[in-house]
Each structure stands twice: as C-alpha cells, then as structure tokens.
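Subject: Handover of the model

Hello,

Here is the model for your files. Please open it beside this note, and then read on for what was found in it.

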Protein chains: 2
Amino acid sequence: MRYPSGIRRQSIKQRSVAKTNISYGNRGMSLEEDIEQTNQYYLDMNQAIIHKKPTPIQIVKVHYPKRSAAVITEGYFQAKSTTDFNGLYRSKHIDFEAKETKNKTTFPLANIHEHQFKHMQSIVAHGGICFFIIRFTVLDETYYVPAEIVLLYWNEMKDGGRKSIPYKVIVDKGYVIPFKYQARVDYLKIVDQLYF
Amino acid sequence: MRYPSGIRRQSIKQRSVAKTNISYGNRGMSLEEDIEQTNQYYLDMNQAIIHKKPTPIQIVKVHYPKRSAAVITEGYFQAKSTTDFNGLYRSKHIDFEAKETKNKTTFPLANIHEHQFKHMQSIVAHGGICFFIIRFTVLDETYYVPAEIVLLYWNEMKDGGRKSIPYKVIVDKGYVIPFKYQARVDYLKIVDQLYF
C-alpha cells in the first residue's frame, strides 16, 4: 500500500510507455493506482461516483502544535470490514475489491478476510453490483470476476475445499478488462454488458 | 470526533437512561455514535449495509517494531471529499452526512465543505438517495433533510444569500427522526416513506 493514495507524478511517464509498448502498459503502476486513476476519470466525465475507502486507523495519540495542523504520533492500521471501493453508477450501488497476485495458475483466497466475504454476500443479497477486480501481474491480465464466483469458491473452501480459484476458472467465468489509455481499468464497460 | 469510532462501553448506561427518561435520551451520545449504533442494528437485522467512511489520514512515517504491529508515528488528518456515510438499502445507494449544531434558530452551512456539496449534487444526479441528518442538540431534535433542500440554500449562499438554513425551514421541509430504543436514529423509516 502507498500513502497518500493517488496519482503519482510518474504516471505521466508510464502513460507514454503504455502508448508505445502495450504489453508493458501496466508495469510500475499498481492495480490500485490504475483503479484510482480510472475512478477519477469516471468522476471527471460525470459517469460514476466511485471512491476508495480510506484504510481505517486507530488513533492513539495526537499532538496539537501551536499554529499548525494536528499530528498523529501513535496510530495503528485496522482491518477493513468492507470492500476497498464503492459508489454509484446509473442509479446502482457498486461495491468491489481489487487484488493483485504474482501467481500464474491460481488466485489464492487466503488474503481476503472472512468479514469481507460476508460483506460481499450481503451486497449481492441487497441488490448491489458486486465483483472482484483481479490482476495476474506476471501475465499482465486484469479480470472482472462477479462476486458470486468468488463466494462459491469461498464457501467450498470453508467446507474443506481448495484454497484458491484456478486461473482457468477466472478466464472462463470472468471478463477481461482491457487496458485503456484514459480509463486504465475500464470495469464499467463490463458492468454495462452485465447489468444494462 | 472520537477514535476509534464505534460503540463505547458507556452506551449501555446511556441506553437505560434513555429508557427511564425519554427527553434526555440523547444526552451524552453524539449524533455520530447514535448513527453508528443504528447502522450496526440495521446490519445485525440484515436490513441495510451502511458504514461510516474512515477519516482519510496522510501517513508520513511508519515504524515497524519487531514482533508487533506497525505503528504510525507521523500522520495528518485529511479533508473528506465525500459524505460520512454510505451504503446499500433495498437495492438503492444511500449517501448522507450527519451534522450537529448547538444553534437553536438556524443550521449554519459554514462547516460543510464545497466538495461535499458537489459530491451530494452528483449523488442526486446519478439516482442515489442523498440527505442530511441534522441534530439541534439543545432542542434534542433530529431531522432527515433531503439533500435537495440543503443544496438549494447552498446555491443561494454562493449567489450572496444567507449562510444558514432557518430552523423553521428544516421543520417544514425535513422529517423528524424519532428516537428509538434499538435504532436510535431510525432514518430508514423516512427513506421508506419517501422512496418505497
């Protein structure tokens, strides 16, 4: 994770690299950065209002210096109980989680918390649009995977099944998100196909 | 603001105070605490999935001690660019801001940031349910005020108009949120009336 989250100066350079050599397009930019840039583009174009939720931090000590901003001098990262991103698109509630893996053959379920799965299960049940954006960094492939698919594997894992989703399943049941110049991870294109 | 956000031990005591003397029901509990308790109740009852967004913090220094959790040793509070609360209810996107005032005759617009108004304007335009929960602490009255009303006054203020909304307007155009034992600020009752 990088703080403060947002678009780095470097992104300009990365963009031109992306233009001249498409297969290296994502090198150096994390999935999270690409999504934040995409969300900003959606916001600028008035297409959707989707934001990253800040990481919750437990604040223990705050120092208030005279004539300047309060400084947190002791704080701890807390686990998220929801997904990373949510918002509004075409009157629908959007909720998703973004994950990268260096693995080439499977997507491991280990680094997703139980409360996040439960949250996603609720979102689906209450009529929200819920999905994962999964990037296989080595393959440089990014997929939109409906929450239902991941939840299926998660439930199987809890019953003693495998602890990951095979790459092949993600290719079959997911949707490739193409790399684009302006919306680097144009996931709303997939939402359009699936819901509108 | 209190950290970490959530329900304090004290809330149990407050609850019993509320039971025996209804007019002092909200004393000692902030509006934010009441809403967080209400959201937890909605979540437990599987009625809605609404969460408070953590305050964004710019992290400058992190210390990684051996065998214990990472400690943030320098961090700063950042301004929110959205509202405090959002989520999903009956397939609809919910987005709202909660504000308390000690004022008895007006609700001042000064402590709401321009980007928050713009965010709310977008939420309305994109089909979300958007409102303010405003508490007049001295009067111990809590109102659901549709975003449209507040945006109207905000636009007038930008054109040189008054910098607050008269209490009378909030009483006329808003909806009293009754104090309840379990859902202390049962705002979804008003959402039901207005949208379903």
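In which sense do β4(A) and strand β5 of chain A pair, and over how many bridges? β4(A) and β5(A) (residues 92-101) run antiparallel, joined by five bridges. Strands count as paired if DSSP finds at least two bridges between them. Helices (H or I, at least four residues) and strands (E, at least two) are DSSP runs, numbered from the N terminus.

Some housekeeping first. This is a predicted model, in which local features need pLDDT of at least 70 and side-chain atom pairs count only at pLDDT 80 or more, while totals for chains, interfaces and linings use all residues. Residues are numbered from 1 along each chain as its sequence is written, and chains are lettered from A and ligands numbered from 1 in the order in which they are written.

**Strand β4 of chain A**

Five of the five residues of β4(A) are buried, so the strand is largely enclosed by the rest of the structure. Buried means that 20 or more other C-beta atoms lie within 10 Å of the residue's own; exposed means 12 or fewer, and partly exposed is in between, with C-beta atoms placed from the backbone. Phe85(A), Gly87(A) and Tyr89(A) point one way from β4(A). Asn86(A) and Leu88(A) point the other way.

On the β5(A) side, Leu88(A) stands opposite His93(A). The two strands form a hairpin with two residues between them. In that turn, Arg90(A) has a positive phi of about 50°. β4(A) also pairs with β1(A), antiparallel, over four bridges. There, Ile49(A) has Leu88(A) as its bridge partner.

**The sheet in chain B**

Chain B has an open sheet of six strands, in the order β1-β4-β5-β7-β8-β10, with mixed pairing. β1 (49-52) and β10 (175-176) of chain B stand at the edges with a single partner strand each, so one side of each has no neighbour in the sheet. β1(B) and β4(B) (residues 85-89) run antiparallel, joined by four bridges. His51(B) has Asn86(B) as its bridge partner in β4(B).

**How the two chains meet**

Chain A superposes on chain B by a rotation of 180° with 0.0 Å of shift along its axis (RMSD 0.0 Å). The two copies are thus related as by a two-fold rotation axis. In chain A, the C-alpha nearest that axis belongs to Thr73(A), 2.2 Å away. The superposition is by least squares on the C-alpha atoms of residues with pLDDT of at least 70 in both copies.

The contact takes 30 residues from chain A and 30 residues from chain B. Residues are in contact if their C-beta atoms, placed from the backbone, lie within 7 Å. On the side of chain A that touches chain B, β3(A) gives the most, with seven residues. By class, that side has 15 nonpolar, 13 polar and two charged residues. Here Ala, Val, Leu, Ile, Met, Phe, Trp, Tyr, Cys and Pro count as nonpolar, Asp, Glu, Lys and Arg as charged, and the others, Gly among them, as polar.

β3(A) and β3(B) (residues 71-77) pair antiparallel over two bridges. Ile72(A) has Gly75(B) as its bridge partner.

**Helix α3 of chain B**

His119(B), Met120(B) and Ile123(B) are the buried residues of α3(B). Seen down the helix axis, they fall within an arc of 95°, so they line one face. The arc is that of the directions from the helix axis to the C-beta atoms. The face turned away from the buried side carries the exposed residues Glu114(B) and Ala125(B). What covers the buried residues includes β1 and β4 of chain A, together with β5, β7 and α4 of chain B. Just after the helix, Gly127(B) takes a positive phi of about 90°.

**Helix α4 of chain A**

Ala147(A), Val150(A) and Trp154(A) are buried in α4(A). Their arc is within 70°, so they line one face of the helix. They pack against α3, β7, β8 and β9 of chain A. Gly160(A) follows α4(A), with a positive phi near 95°.

Best wishes

Notes
Contact = placed C-beta atoms within 7 Å.
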